[in-house]
Amino acid sequence: MNASHSLAESLPVAARDAIRQLRASRIREVANAGFGVPDVLPFWFGESDRVTPDFIREAANEALSRGATFYTHNLGIAGLRSVLADYVSALHGRTTMDQVAVTSAGVNALMLAAQLVVGPGDRAVAVTPLWPNVVEIPKILGARIETVSLDYGPQGWTLDVDKLLAALTPGTRLLTINSPSNPTGWVMPRDAQQAVLEHCRRHGIWILADEVYERLYYGAQRAAPSFLDLADREERIICVNSFSKSWLMTGWRLGWMVLPTALTDDLSKLIEYNTSCAPSFVQEAGVVAVRDGEVFIRSEQTRLQAARDHLVAALSGLPDVDVHAPQGAMYVFFRLSGAQDSLALCKRLVREARVGLAPGSAFGPEGEGFVRWCYACDTQRLDEGVSRLRGFLSAAD
Ligand SMILES: Cc1ncc(COP(=O)(O)O)c(C=O)c1O
């Protein structure tokens, strides 16, 4: 054996450091603890218990039968980009199809956006508690991520805007904000968006707005306040969205982003080297979802709001629980006394009470002491879950 051979053999067979240091999902860890436990009620993942509406599934079947099985343009089929431009324009003001790109769901849009604007050593800031993917993705690219926590108090979760602005020092490359937020349901108020936008404009900081829950909003408007309402499309803002939540299409992997046209040529290259395009028959079904889905979205909003109110009322009746009604998304993120180690507690809950909740610590250290409950299901199931939780808590007293 020669010298170079033995040197190579002594190197560990391992992924690079940045990847090994990524956090593994604690939600998965709880779900894994539940394998083999019969009849667990799964409230841990962020999806509805209902299948995608018929009219969208039929559109996909029809597209498949027609032979929509080929590669498409990197940025998506023209028909989908065009209906999305109309949809975004109706909600948030004039947007053209060359400012819209189709992606393989929201998480891929987040990765592409990060690949477009952050690199090794860049400083990125995120508002937390937050869905872990948003925090981990910039790390894959070698960026440093710093977090600014929402504060928890009698009003629920709120943002101290001055604290956020102080963290957005000159030289910061990217700010990521998810509103409505997973897990807290916090919705960024319009005046806070305005202040942050002005600050980021002054310092040349990119804003990555994750607005995948914008239609799961319980305010008076059709959608939650968006950075797109305030900003010009050619500014340093990338807004990420998804078909997963509004149209119940989690398994289809379809999303989009709104971005300055100055980025689209580079985005085309990135899509080419990541996925090349979203599946063509899925994109065709997406056209029908956007074009004909408004009635469905509104009925889903009503259903979710009723489920939220039902769950919040039921949890408020438990002695060890501190709960606020979220303004958006589909989660109740509540404080549970005894959840100082929320991961351990959620593992016990799944094994001993057959209730599957997500531990607050999965969303960053600020989430410790809390648990997340996805309420996108019918009220009988929510009631059964609350009754199991009550039984567990009273046995633990
Ligand atoms: C905050 C947030 N952003 C983005 C996504 C991405 O969803 P998808 O990749 O299914 O579009 C999710 C999914 O749970 C999410 O919670």
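In which loop is Pro180 found? Pro180 is found in the loop between strand E7 (174–178) and helix H9 (190–203), where helices (H or I, at least four residues) and strands (E, at least two) are DSSP runs numbered from the N terminus. The structure is a predicted model, in which local features need pLDDT of at least 70 and side-chain atom pairs count only at pLDDT 80 or more, while totals for chains, interfaces and linings use all residues. Residues are numbered from 1 along each chain as its sequence is written.

The peptide bond that leads from Ser179 into Pro180 is cis, with omega near -10°. A cis peptide bond also runs from Asn182 to Pro183, with omega near 20°, and Pro183 likewise lies in the loop between E7 and H9.

The protein is divided into domain 1 (3–51 + 295–396) and domain 2 (66–292), the bounds being those of an automatic or database domain assignment. The centres of the two domains, taken over C-alpha atoms, are separated by 23 Å. Domain 1 brings 29 residues to the contact and domain 2 brings 31 residues, two residues being in contact if their C-beta atoms, placed from the backbone, lie within 7 Å. On the side of domain 1 that touches domain 2, at least two residues each are supplied by helix H2 (17–20), helix H13 (294–316) and strand E12 (331–336), and H13 gives the most, with 5 residues. The residues of this side of domain 1 divide into 12 nonpolar, 11 polar and 6 charged, where Ala, Val, Leu, Ile, Met, Phe, Trp, Tyr, Cys and Pro count as nonpolar, Asp, Glu, Lys and Arg as charged, and the others, Gly among them, as polar.

A UniProt annotation from an unreviewed entry, "domain: Aminotransferase class I/classII large", covers residues 49–389; UniProt positions are given in the numbering used here, feature names are shortened, and annotations may be inferred rather than shown by experiment. The span 49–389 is 43% helix and 17% strand, and its end C-alpha atoms lie 20 Å apart.

Strands of a sheet pair through backbone hydrogen bonds, either parallel or antiparallel.

An open sheet of 4 strands has the order E11-E12-E15-E14 and antiparallel pairing. Its edges are formed by strand E11 (321–322) and strand E14 (358–359), each of which has a single partner strand, so one side of each lacks a neighbour in the sheet. E14 is joined by 2 bridges to strand E15 (residues 370–374), the two running antiparallel, and Ala358 stands opposite Arg372 in E15.

Two packed helices are described by the angle between their axes and the distance between the axes. The axes of helix H4 (residues 54–66) and helix H12 (residues 280–292) come within 8 Å and cross at roughly 145°; axes are lines fitted to C-alpha atoms, for helices over the stretch in contact, and angles run from 0 to 180 degrees between N-to-C directions. H4 passes H12 in a right-handed crossing, a crossing being left-handed if the near helix is turned anticlockwise from the far one by less than a right angle, and right-handed if clockwise. Among the residues that make this contact are Phe55, Ile56 and Leu64 of H4 and Phe281, Glu284 and Asp292 of H12, and the contact comprises 11 nonpolar, no polar and 2 charged residues.

Helix H6 (residues 105–117) and helix H7 (residues 132–140) have axes that come within 9 Å and cross at roughly 35°, again in a right-handed crossing. Val107, Leu110, Met111 and Ala114 of H6 meet Asn133, Val134, Ile137 and Pro138 of H7, a contact of 7 nonpolar, 1 polar and no charged residues. Ala105, found in H6, has phi near 80°, a positive value in a residue other than glycine.

Notes:
Two strands pair if DSSP finds at least two bridges between them.
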